[in-house]
Amino acid sequence: MVVLDPGHNGGNADNPAAINRTVPAGRGQTKACNTTGTATATGYREHQFTWDLSVRVRDLLAARGVRVVMTRPDDNGVGPCVNERAAIGNRAGAAAVVSLHADGSESVGAHGFHIAYSAPPLNAAQGEPSLRLARLLRDGLRSAGMATSSYIGSDGMSPRNDLGGLNLSERPTALVECGNMRNPAEAAVMTTPAGRQRYAGAIAAAVLDYLQAGG
Ligand SMILES: [Zn+2]
């Protein structure tokens, strides 16, 4: 069973009190429950992108017999908070947890995807299994023709100690930042169904690779 975690939510922007309250984020940190996410210059919002992409990945995995749990049921709600998103994967005993996001950098020319993973790991699941999952996602997106990030991490990989969903996970976990929504070329891919299907195909194939290697 796999947990997909589409970043943000459609109701977040209208509910600042709910999403700005602080929650535990691991390593002794606290963070806002959730955030509104970014958007393309034409107003296509990250929560719309991550929801649509998650549905596509879910459907591809389900067609291969993989049971999928989502951290939110639709794109109209508020949250859940980052600690609750992690708890959903933990309670489910997920073989893999994949969070889906897109970035919003205004730096000129900033483009490309990166995969964030918890480092240094706080438990065994955050160690080798999470790193292997992250590398398979990186390799899969690169094979699908996506460029690795020009401005974050190295070779498409970004070790992080400040992301609550990763810190609090007790299951193999990685977070995909699919690209930069403020980059016109990447926004053009993300705003088309065919472009999102390309991302979904690469992500689903990587998750299947991970599961077939024994999780
Ligand atoms: Zn995001």
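Predicted model: local features only at pLDDT ≥ 70, side-chain atom pairs only at ≥ 80, totals over all residues.
Local features need pLDDT of at least 70 and side-chain atom pairs count only at pLDDT 80 or more, while totals for chains, interfaces and linings use all residues. Residues are numbered from 1 along each chain as its sequence is written, and side-chain values use heavy atoms, with hydrogens and water left out.

View 1. On a 1 Å grid over the protein atoms alone, a pocket is an open set of points with protein on both sides within 12 Å along at least five of seven lines, a cavity is a set where a 1.4 Å probe fits but cannot get out, and lining residues have an atom within 4 Å of a point. β3 (29-32), α3 (82-92), β5 (96-103), α5 (164-167) and β8 (173-180) each supply at least two lining residues; the largest share, four residues, is from β5. Helices (H or I, at least four residues) and strands (E, at least two) are DSSP runs, numbered from the N terminus.

**View 2. The largest cavity.** One cavity of 30 Å³ or more is present in the structure. The largest cavity has a volume of about 70 Å³, and its lining includes D5, R85, N90, S99 and T173. Two or more lining residues come from each of α3, β5 and α5, with α3 giving the largest share, four residues.

**View 3. The disulfide between C33 and C81.** The S to S distance is 2.1 Å; a disulfide is a pair of cysteine sulfur atoms within 2.5 Å. C33 lies in the loop between β3 and α2 (46-63) and C81 in the loop between β4 (68-70) and α3, 48 residues apart. The torsion about the S-S bond is about -95°, so the disulfide is left-handed. C33 is buried at a relative accessible area of 3%, and C81 is buried at 8%. Buried means under 20% relative accessible area, exposed over 50%, and partly exposed in between (1.4 Å probe, protein chains only).

**View 4. Helix α4 and its buried residues.** Among the buried residues of α4 are P129, L133, L137 and L141. G145, which follows α4, has a positive phi near 95°.

Notes
Points joined across faces, edges and corners; volume = space filled by probe spheres on them.
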